[in-house]
Each structure stands twice: as structure tokens, then as C-alpha cells.
Amino acid sequence: MTANRFATRLNSFASRPQAEWPHLTGKPSLMQMAARAAKVAGLTDLDLNFPDHVSERPAGIARNLGNLGLSINGFAMRYYSNPAFKLGAFTNPDPAVRREAIDLTKVGIDAAREAGANLMTLWLGQDGFDYAFQADYATLWQHEIDGIREVTAHDPGCQISLEYKPNEPRSYSLMPDAATTLLAIRDVGLPNLGVTLDFAHVLYADEQPAFAAALVARHSKLLGVHLNDGYAKRDDGLMVGAVHTLQTIELLQQIRRDGYAGAIYFDTFPDMTGLDPVHECEVNIATVKRMLRVVDRIDQDNRLSAAIGRQDAVTSQAIIQEIMLGPDL
């Protein structure tokens, strides 16, 4: 894992706009938000939503971000441009709407490549159902697999990553957890398809983050890690380590062990309550760096590996608390 690549959610930097742009009317532009993000010490990358953030030539956007000292980690698809997508993008009952969603995704992949990125994240939040007897599940699944396969095959040099989430906006998502997502990847059967783990999504899928990462590494590949935190009831988007410190450290250890080479991306929501987004992002970066130093100490402690080998929970907890908090004085 490359600990020096940190990316973040661009829309976070619309938080508390009056502090940055006291005379602004309307929403800040892409480059206004990016210039604010560039103030974050240690931030190297941004992710761009498509088509939301791409209103000009992608190569030009990349150059402008480069002038700010920022790179593009990847693009993320958003299916809001057609109100019909609310009933499904790749799974919509109307074949014309499915075709529109697939073609839009291909355009997004081309735009990402023009911008110099080779990662497209698909969060298929509209693909699911809300009621019993609303959909034929076999048909729904086949539409999803066909759509994912077509966009993944569009550019074999671009990594396509599925970001799962149990629900929202649909009551039930077709990609609700790691296991179902891995089944979809197996059905698609293409080598440039993998998984993005979003920490808060994993929590409210009732999964242990490090275990989910281990399953992904065994059966596919981990292409993205979105760090945040929450209370496992919804997508809270809290700061890293605010609630589940131990689980975050365990996840970082697991993905480093499995050879994750991507950026650590902060999918947090300072804009929800008007936090200072620059300070919030800097604290997230500092927290991850501290956690990685804890991981270094864990990896060097033979006592812990021996306790884990015995599944000795009491001893392992004593050791990890000592590593984190110091010896009992």
C-alpha cells in the first residue's frame, strides 16, 4: 500500500462556502472546490463524479488540477441525468433507459482515460427494488450482469470497480455486500473488474471490514478503499476512526498485507454539518498516518501474531491495547 497517496471527495469542499467565498452566489465551481482542496497538506488526488464534474474537456481539467498540485485518482459514475434512472440504470425495465445508462458509462470511461485516469468506480445505487413482487429477480440480476460486462469490456485498460451498499436510494440494492458483489464479478468474468470497499457501507452491511477485504483479495481484487466512519445504521460519512478505530486499523493492516496499491480515499461528509473541509481532511490524513504507524508496530510484535494464531481473543486485546495506548503503569 502506498501510504503517500491520499484522495478525497471533491464535493466536501463546498462545505461552509461563506468562509471561503463570502460573495459567492450559487454553488462553487469545480475549480473553486479544487483550489480549496489543494490547501490540504498531504492531499495528492481527487476523484471526479461523471457527468457532474466534467463540463469541459477532461484533459483540460486534468491540466488545471495539475497546476494546483493535484492528480485525478479516478472517476465515479452518477446516474442522475435522467429521472428514469430512479427505477434502475442497468436494471431499468425499459431497454432504452438501460442502453442510455450503459452508453453514458462508456462515455465516462472514455473521459476518465482522456484525463489520464484508469479507474472508474460504479456505485449502482439505483439498481435494486423496493417491494415484494416488484421485480423478477433473475431478470434483474441478468440485466445487471450484462450491463456491468459491457461497460467493463469497453476499455480493458481501465479498471472498473464496484462499490457496494446495502440500500439507499433503493430499499434493497442488488449489490448490498461483499459476497453478492463477488458473485457478480464471477458472473461477469473479466479481469479488469474489482471492488471498492467503503468503510461505512461495509459497517451497515453488518460486515467486519478486514474480513470483507480478505474475501475480496481471495476472490477478486481490491481497487478502491473509501475511509470514513459511522454508527453502522446508515452512510454517516464521519471522520476516519471516529467510532471504529480498531476496525479501521485492522482493515489497514489487512489491505497492506494483501498488497493494495491504490490511494486511500476519504468519503466523508463535512458539508452535512458545515465543518471546515480543509481541516477535516488534514485530520483524516494525519489519523491514517498514525494508524499505519500502529500497523507497523503490530506487524513487528510476535506476541500478537501468536495470539491470533491461537484465536486467543483476551491476549490479543491486551496486546493491541498496549500497542495503541502504552503499557499499564
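Predicted model: local features only at pLDDT ≥ 70, side-chain atom pairs only at ≥ 80, totals over all residues.
E2 covers residues 45–50, and E3 covers residues 71–77. The two strands run parallel, joined by six bridges. E2 has another partner too: strand E1, residues 6–9, pairs with E2 in the parallel sense over three bridges. In that pairing, Ala-7 stands opposite Asp-45 in E2.

Now, is E2 mostly covered or mostly open? It is mostly covered, with six of its six residues buried. Here is a handy idea for looking at strands: in a regular strand, side chains alternate between the two faces of the sheet. In E2, one side carries Asp-45, Asp-47 and Asn-49, while the other carries Leu-46, Leu-48 and Phe-50. Both of these faces are covered.

Let's zoom out. The protein chain has twelve helices and ten strands. Why do we call its overall size a match for a compact globule? Because with 329 residues such a globule would have a radius of gyration near 20 Å, and the protein chain has 20 Å. Its C-alpha atoms fill a box of roughly 65 × 50 × 35 Å along the principal axes.

Across the protein chain, buried residues make up 51% of the 329 residues. Among contacts with a separation of 6 or more, 75% link residues 24 or more positions apart.

Finally, the surface: the protein chain exposes about 15100 Å², and carbon and sulfur atoms supply 53% of that.

Notes
Residues numbered from 1 in each chain as written. Heavy atoms only, no water. Helix = DSSP H or I, 4+ residues; strand = E, 2+ residues; numbered from the N terminus. Rg over C-alpha atoms; globule rule 2.2 N^0.38 Å. Buried < 20%, exposed > 50% of the residue type's maximum accessible area, 1.4 Å probe, protein only. Contact = heavy atoms within 4.5 Å. Areas by Shrake-Rupley, 256 points an atom, 1.4 Å probe, with all protein chains shown as cover. Pairing = 2+ DSSP bridges.
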